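Welcome, and please have your viewer ready. We will go from selection to selection and look at what turns up at each stop.

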Amino acid sequence: SLGAVGLMPPPPVHVEPLMPAGPRQRRGGAMAFLLDIAPIFGWLRDYPVRSALAHDISGGVTLGCILIGQSLAHAKLCGVELIIGPYSCMLGP
């Protein structure tokens, strides 16, 4: 018997689905459409400007510096013009 050796499969784990089954419930109106395509408008009014803006700007500048160096290095490794590197970082495939 497998149970005596300790090789029993683990019990099943219940995982909630990310989205409910069935057709997607859509709110009506232009604001609902805007919130669907740009969720920032839903939480922007509650954004803590005084406590978070400096940290967000610092994170953005840091990420920008890293991406510029990384994209230039990738362009150099690929043998293309260096200007292609930052463009490939800004524009998706």
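A residue counts as exposed when its relative accessible area is over 50%, and as buried when that area is under 20%; values in between are called partly exposed. Keep these cut-offs at hand for this tour of a predicted model.

Start by selecting C65. Its relative accessibility is 55%, so C65 falls in the exposed class. A disulfide would be a covalent bond between the sulfur atoms of two cysteines. The structure holds 0 disulfides.

Next, switch to a cartoon view of the whole chain. What does the secondary structure of the protein come to? You will find 5 helices and 0 strands.

Colour by burial and you can pick out the buried residues, which are 8% of the 93 residues in the protein.

For the last stop, show the aromatic side chains. How many aromatic pairs does a search of the whole structure find? There is 1 such pair. Select W43 and Y47: their ring centres lie 6.0 Å apart and the ring planes meet at 50°, so this pair is tilted. Stay on W43 for a moment, since its relative accessibility of 46% makes W43 partly exposed.

Terms used
Residues are numbered from 1 along each chain as its sequence is written. This is a predicted model: local features need pLDDT of at least 70, side-chain atom pairs count only at pLDDT 80 or more; totals for chains, interfaces and linings use all residues. Side-chain values use heavy atoms; hydrogens and water are left out. A disulfide is a pair of cysteine sulfur atoms within 2.5 Å. Buried means under 20% relative accessible area, exposed over 50%, partly exposed in between (1.4 Å probe, protein chains only). Helices (H or I, at least four residues) and strands (E, at least two) are DSSP runs, numbered from the N terminus. Rings of Phe, Tyr and Trp (its six-membered ring) pair if their centres lie within 6.5 Å; planes under 30 degrees apart count as stacked, over 60 as edge-to-face and the rest as tilted.
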